[in-house]
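Subject: A structure for you to look at

Hello,

Here is the structure I promised to pass on. Have a look through it first, and then read on for what turned up.

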Amino acid sequence: MNEEVESEVESEPKSELEPEVVNEIARSADVLPSTLYMLPVSKKPVFPSQIIPVMIDFKVWESTFKAIYEEEMNYLGVVYTADVESDIATVDDLAEIGTVCRIHQLERQDDHIHMVISGVQRIQTLNWVSRERPYTAQVHHFPETIAPRSNQIKAYTTAIFNTFKELLPLNPMHGEELKMFLNNFGTSDPSRLAYLGASMTTADGPELQDILNTVDLAPRMEKTLVLLRKEVEIAKVQSDIRTHIESELTQHQRENLLREQLKYIQKELGISKDDREAEIETFRGRLEKLTVPEHAAKKIDEELEKMAMLERGSPEYTVTRNYLDWLTSIPWGVCSEDRLDLDTGRKILDADHEGLDEAKQRILEFIGVGKMRGVISGSIILFVGPPGVGKTSLGRSIANTLARKFYRFSLGGMRDEAEIKGHRRTYIGSMPGKFVQALRECGTSNPVIMLDEIDKVGASYRGDPAHALLEVLDPEQNKEYLDYYLDVRVDLSNVLFICTANQLDTIPGPLLDRMEEIRLSGYLTDEKVAIARKHLLPKQITSAGLKKRGQLRIDSSAIRKLIDGYAREAGVRRLEKMIGTIVRKSVMKLLDDHPPPVHVKSADLEDYLGKPRFEKESLIVGVGVVRGLAWTALGGSTLDIEATRAHAFNRGFRMTGHLGDIMKESAEIAYSYVIGNAESLGVDNQFFESSMIHLHVPAGATPKDGPSAGITIASALISLACGKRIRGNLAMTGELSLTGQVLPVGGIREKLVAARRMKIRNVVLPSKNQGDYEELPDYILNGLNISFVSHYREVVELIF
């Protein structure tokens, strides 16, 4: 063993704890048993000469303490376990080096054992007598000795005591512990001094166990000193934080005291009012500029009287103050003057938007009616169209035309009714609804409020915002709109509401009935070229910081190729992104010393944007192939229907192409109609008797649904049965009944725009859609040859 173990054991000074706790500290000179019951501890190891209270679970360690009680043993081996909790630790989890402790004042309370233990010596586990509870082991003792002290040990001792002197002013909690140690052992026991220093730190269990494992005294004292220095640094930081916070609190209290004294002096001199009176005066000053209705004025006066009696520190004062702030911020009776000039309106709409002639005309008609009446009120407009066609910007243009304030908020994903109607004042942080917020922000009672994405309102357990909108969007009800927070009727009849939606299917019927619908279809290629030239390209050039004229030039042919190959959507949002990409890459070229201007030709687009997203579509011709017209939320598109004879083994009908239920029903109706009327349609009955017909709609990954492909599917089946091709450059749309009637369909405008985009000249439409056709502008109809049919027999005469 080392020098410490081989040294002569000396007697230790005797000391006593408080009488009510223990009678005597355990002495290392006592005869200690070589076989001990072992107890794991998981937080920190116990050091020799350390006295600590311990509370353990009686149910877990009942066998251990029964054995100790029966054998009248006063000693217990305490061993640290790092990885698991002490109550579930096994002998394999226990450290090899532990401490033999003397048990003092052992008593049971409820399901726990309370005791005080004092560390005596370190022990090393030699052999496990019992690996099950009660854990029992044969141990080797390391008596704590006092060896002749070298200069190194003296230096470490002095350094540890100096560190104690630094630590005690910062953390006085350790004062009594150090005083007890000095009374019992003095300064002549460096080994126990190292244990004391380690026990006074907040180091982790493994670091403390390392000190217990260190046999040689000098390294042990060095490790203790390192931990104590860390503890001093931590205590200094804590002291600085505490001093800083106390200083701030003291300064804050001093400022509050001086502020209250100043208020009192000013009040006595009559030169100032307190905050409450100043706020009340502010609220009354706001009301002088407003025309407040009688019911609202009565409510405001009641709240002002209540506020005058409340203490500023009470919670009710803050609630009342915020409530009055909102009540007096609403522009009661304040309306901006409308600019009902049709010429100005036409110029603003034409400057902001290219195309959309029908929508512009409807807006100008709306303004004209307002000019005739002298006021625009009680109006709710709904813009319906694909994304990116200018619905939101049209609403802003209407506000500019009328010289009204504009407020927009999105209803997309809104699930809480309180966003519309406001929160009741019983809730912390309650606020009025969006419409009251809009009035306050705009400062007038007649702004233009845009409700974006009204078709995407959600519902949840918090209520249904769509139903809450029924009161707002009803001219007969919104004169006395009630917000839950204000609890006062507000007049919204002068507000112009503009809603936007991509589709009507998800808007509740009662809500849709309250709005005037204006449809915006997609743009034609010529319109997109003009929009790119006049609006999108200048905007992107400005945002990219290109200031010199002529630094970038994009050919018209490049813009057309860009639209056809990269941005075929009905709107222009993707077109703007593509132009932005070209502008950014052109900026990089200019920064790399490319001589201006950067000239973008149609052949250069792949270098800027990569491969086109849309390949040039060619009209598919062949037996059993017919082109239909479809409507989607992104605008109109063409749809090829393919029919083929799979085999002649048996009769059957198969459909593929990710078809929806309605489209499947249309296909089955067409199949039944063609078979049932084969003879009158000029089709051989025997063809279908022994044919497995396979109907497919290409682009199988895209879901397709709707009834408008009925006549298209029937035409594909007749073409297949007759072995004849449909005449070229023809597309059709229409619902087919079992009696052969061609029923009307929707989306005529979008479908004809798609036909023009694909350069299709001949289109077959249901005769009952002729009214929709006649409402379309000439620029959509130019070059189209439209055939109206009421019965499928007329379709057969047209297709071959």
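Two strands count as paired if DSSP finds at least two bridges between them. With that in mind, strand S7 (residues 379–384) and strand S12 (residues 496–501) run parallel and are joined by six bridges.

The average pLDDT for the protein is 82, and 91% of the residues score at least 70. Over residues 1–29, however, the pLDDT is below 50; that stretch has 54 contacts in the model beyond near neighbours in sequence. Where pLDDT is low, the predicted coordinates should not be read in detail.

Back to the sheet. S7 and S12 belong to an open sheet of five strands, ordered S8-S9-S12-S7-S13, with parallel pairing. Strand S8 (406–410) and strand S13 (516–519) stand at the edges with a single partner strand each, so one side of each has no neighbour in the sheet. From one strand to the next, the twist averages 20°.

Two helices to look for here are H13 and H15. Helix H13 (residues 391–402) lies across S7, S8, strand S9 (448–452) and S12, and runs at about 165° to S12. Helix H15 (residues 434–442) lies across S8, S9 and S12, at about 150° to S8.

Strand S3 (residues 75–80) runs antiparallel to strand S4 (residues 97–109), with four bridges joining them; Gly77 has Val100 in S4 as its bridge partner. S4 also runs antiparallel to strand S5 (residues 112–130), and 11 bridges join these two. Here Ile103 is partnered by Ile117 in S5. The hairpin of S4 and S5 has two residues between the strands, and Asp110 takes a positive phi near 55° in it.

Finally, which residues of helix H19 (residues 556–566) are buried? They are Ala558, Ile559, Leu562, Ile563, Gly565 and Tyr566.

Enjoy exploring it, and do write back with any questions.

Best wishes

How values were computed: Residues are numbered from 1 along each chain as its sequence is written. This is a predicted model: local features need pLDDT of at least 70, side-chain atom pairs count only at pLDDT 80 or more; totals for chains, interfaces and linings use all residues. Side-chain values use heavy atoms; hydrogens and water are left out. Buried means under 20% relative accessible area, exposed over 50%, partly exposed in between (1.4 Å probe, protein chains only). Axes are lines fitted to C-alpha atoms, for helices over the stretch in contact, and angles run from 0 to 180 degrees between N-to-C directions. Contact means heavy atoms within 4.5 Å. pLDDT is the predictor's confidence in each residue, from 0 to 100.
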